[in-house]
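Dear colleague,

I am passing on to you the structure we spoke of, and below it you will find an account of what came out of the analysis. Please read the text with the coordinates open beside it.

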Amino acid sequence: MIAQLYHILFGATWAVHYCFVMIVTGIPILALFNRVRKRFEAPSVGFQEGPYPVCISLAITTGIAPLLFSQVLFHRLFYQTWINLFPLPLIGLGLVIAFFYASYLVRVKRGWGFLLNLFQIGCIISFILFFGALFNHLT
């Protein structure tokens, strides 16, 4: 009974986290596209210079609950996988920190927007590959 409840909560919290991740993933791609086309008044560029860091914070915060539920539901496999991939979790944490601070630099260094968008997209791709490797080892 408790395991079924945890599975339901895992799915619900994952859905909320996924919504914020789609915003966090899509905005740098759209902003990069608009910067290349020299459309600096586009909504994605304005969003990136405005509430975007808050969305990143919400994506990270809402990702904690599914991570905890996956640790409870798959604890034997989860910890073994985390240990087997040892340097990658630390690299993943560094990528999140760099991605988060790059979102603040977009506001401050407006001339660097193109390069910072490329950096953010690289961080996103690297982080997706990290979590893909983590969950591949769970099965």
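**What was found**

Of the contacts in the protein chain with a separation of 6 or more, 75% are between residues 24 or more positions apart. Please bear in mind throughout that this is a predicted model.

The chain has seven helices and zero strands, so that its elements, read from the N terminus, follow the order α-α-α-α-α-α-α. Along the principal axes, the C-alpha atoms fill a box of roughly 55 × 30 × 20 Å. Of the 139 residues, 34% count as buried, and of the accessible surface, which comes to about 8,600 Å², 76% belongs to carbon and sulfur atoms.

The largest pocket holds about 980 Å³ of space. Its lining is made up of 30 residues, of which His17, Val21, Val96, Phe127 and Phe131 are the closest to the centre. Two or more lining residues come from each of helix H1 (2-36), helix H3 (52-62), helix H4 (64-73), helix H6 (87-108) and helix H7 (113-136), and H1 has the largest share, with eight residues.

The largest nonpolar core consists of 11 residues, namely Val24, Ile27, Tyr52, Cys55, Ile56, Ala59, Leu95, Phe99, Phe100, Cys123 and Ile124. At least two of the core residues are supplied by each of H1, H3, H6 and H7, and it is H3 that gives the most, with four residues.

One backbone detail deserves a separate word. Lys38, which lies in the loop between H1 and helix H2 (43-48), has a phi near 60°, a positive value in a residue other than glycine. Most residues other than glycine have a negative phi.

With kind regards

Methods. Residues are numbered from 1 along each chain as its sequence is written. This is a predicted model: local features need pLDDT of at least 70, side-chain atom pairs count only at pLDDT 80 or more; totals for chains, interfaces and linings use all residues. Side-chain values use heavy atoms; hydrogens and water are left out. Buried means under 20% relative accessible area, exposed over 50%, partly exposed in between (1.4 Å probe, protein chains only). Contact means heavy atoms within 4.5 Å. Accessible areas come from the Shrake-Rupley method with a 1.4 Å probe; for residues, only the protein chains shown count as cover. On a 1 Å grid over the protein atoms alone, a cavity is a set of points where a 1.4 Å probe fits but cannot get out, and a pocket is an open set with protein on both sides within 12 Å along at least five of seven lines; lining residues have an atom within 4 Å of a point. Grid points are joined across faces, edges and corners, and a volume is the space filled by probe spheres set on the points. A nonpolar core is a set of buried Ala, Val, Leu, Ile, Met, Phe, Trp, Tyr and Cys residues joined through side-chain atoms within 4.5 Å.
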